[in-house]
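Student: Could you take me through one part of this model in detail? I would like to look at the ligand site and what holds the fold around it.

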Amino acid sequence: MTKPADPNLEFLSQAMTQAAEIAQEVRRQMPANSITKADDSPVTIADLAGQAVMSYHLSKRFPKDEFVAEETCAIFQSEAGKKSLQQVVDYVGKIIPEADADKVSAWIERGCGEAKGRFWTMDPIDGTKGFIRGEQYAVALALVEDGRVKLGMLACPNLKEGSLQAIGGEGTLIFAKRGEGAWQKPLFKKGSWKRMRVSSRAKAQEAIVLRSVESAHTHTGRTAKLMEFLHVKQPPVLMDSLAKYAVVASGGADLLFRLPSSAEPDRREWIWDQAAGVIAVEEAGGRVTDLDGKPLDFSTGRLLTANRGVLVSNKHLHETALQALMQARGHSH
Ligand code: AMP
Ligand code: MG
């Protein structure tokens, strides 16, 4: 199929673009000092507003579907929180005129739905550190049915068609549907959908490996060890968020290890941090498993409790990477 065929494509694309526009607007308005101090509050405002907008749209179009998202209204209970709520309402109101404090709170709270049967899962801003730094981040949405991801969308405002270097530009919007394919198009500019394909690189030595920027989010020492085992020549490329999955899906990189950090070896992944990226890579011809080679099981609730870490590849390098992971297990650093 040269173009995605889905009756909800336009609707979903519009909702994703709105959520991405809110994030971009908040980012533009962020005071310079909160960028250096890494103040989380503007990010929280953007997170909550994006979640409210998506929840509103999904509730109109799919009133029976559950919605499972990262944020809750707990923050609004404090005095400072009341001010935040008003800011969130102001952002949402630019898109949905009927927005008021009660409605916006209710839309956000719908995100506490049950991760069971058929549900939508969203991360309004994945990669908040990248967002603050003005680098990569993503808005992520996926539809899960009976433990399998059926559809996924990623909006990466600072990614240029899955290319490794580009920051800025028109951004990338990705749509993937189980059994049909993965496509991308410019996010903030007119353009047509283009099929995504993973790379054909089969020699580990030549692999381009992606890693989180934040060393606390992964195991940098073990990543280095794995690269040594695989004789990978190039150092890993550091990138925040699910944009990494978008780059693998479009053939710009070949491998991505999401390793639990040494501080939290038993940490499990949130479903909204994976679902949309996983289907994009798989439908582009790649492969995603946990670090033991098992498929990710989205039937276990909000956390992927049955899986440890994530390995993303162009498929050709997957077995080799799993072997390297086995080898690395014998090394503690
Ligand atoms: P990245 O952009 O690769 O650094 O990954 C961002 C994701 O890491 C966020 O969606 C968080 O949910 C997740 N995260 C936050 N803290 C940690 C942590 N200590 N270890 C692993 N992942 C984390
Ligand atoms: Mg996230």
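Tutor: Start with the salt bridges. This predicted model holds 22 of them. One of these pairs is Asp65 with Arg118, whose closest N and O atoms are 2.8 Å apart. Asp65 sits in the loop between helix H3 (41-61) and strand S1 (66-69), while Arg118 belongs to strand S2 (residues 118-126), so the pair ties together parts that are 53 residues apart in sequence.

Now turn to ligand 1. The space that ligand 1 takes is the largest pocket. Around the ligand stand Asp126, Ser212, Ala216, His217, Asp240, Ser241, Lys244, Arg258, Glu264, Arg267, Trp270 and Asp273. Sorted by class, this shell has seven charged, three polar and two nonpolar residues.

On Asp126, a side-chain N or O atom lies 2.7 Å from an oxygen atom of ligand 1. His217 also uses its side chain: a polar atom there is 2.6 Å from an oxygen atom of the ligand. Ala216 uses its backbone instead, with an N or O atom 3.4 Å from a nitrogen atom of ligand 1. As for cover, ligand 1 taken alone exposes 500 Å², and the protein buries 85% of that.

Conventions. Residues are numbered from 1 along each chain as its sequence is written. Chains are lettered from A and ligands numbered from 1 in the order in which they are written. This is a predicted model: local features need pLDDT of at least 70, side-chain atom pairs count only at pLDDT 80 or more; totals for chains, interfaces and linings use all residues. Side-chain values use heavy atoms; hydrogens and water are left out. A residue is near a molecule or strand if one of its heavy atoms lies within 4 Å of it. A polar contact is a pair of N or O atoms within 3.5 Å; within protein, one must be able to donate a hydrogen and the other to accept it, and residues adjacent in sequence count only if both atoms are side-chain atoms. Accessible areas come from the Shrake-Rupley method with a 1.4 Å probe; for residues, only the protein chains shown count as cover. On a 1 Å grid over the protein atoms alone, a cavity is a set of points where a 1.4 Å probe fits but cannot get out, and a pocket is an open set with protein on both sides within 12 Å along at least five of seven lines; lining residues have an atom within 4 Å of a point. A molecule sits in a cavity or pocket if more than half of its atoms lie within 2 Å of its grid points. Ala, Val, Leu, Ile, Met, Phe, Trp, Tyr, Cys and Pro count as nonpolar, Asp, Glu, Lys and Arg as charged, and the others, Gly among them, as polar. A salt bridge is a side-chain nitrogen of Lys or Arg within 4 Å of a carboxyl oxygen of Asp or Glu. Helices (H or I, at least four residues) and strands (E, at least two) are DSSP runs, numbered from the N terminus.
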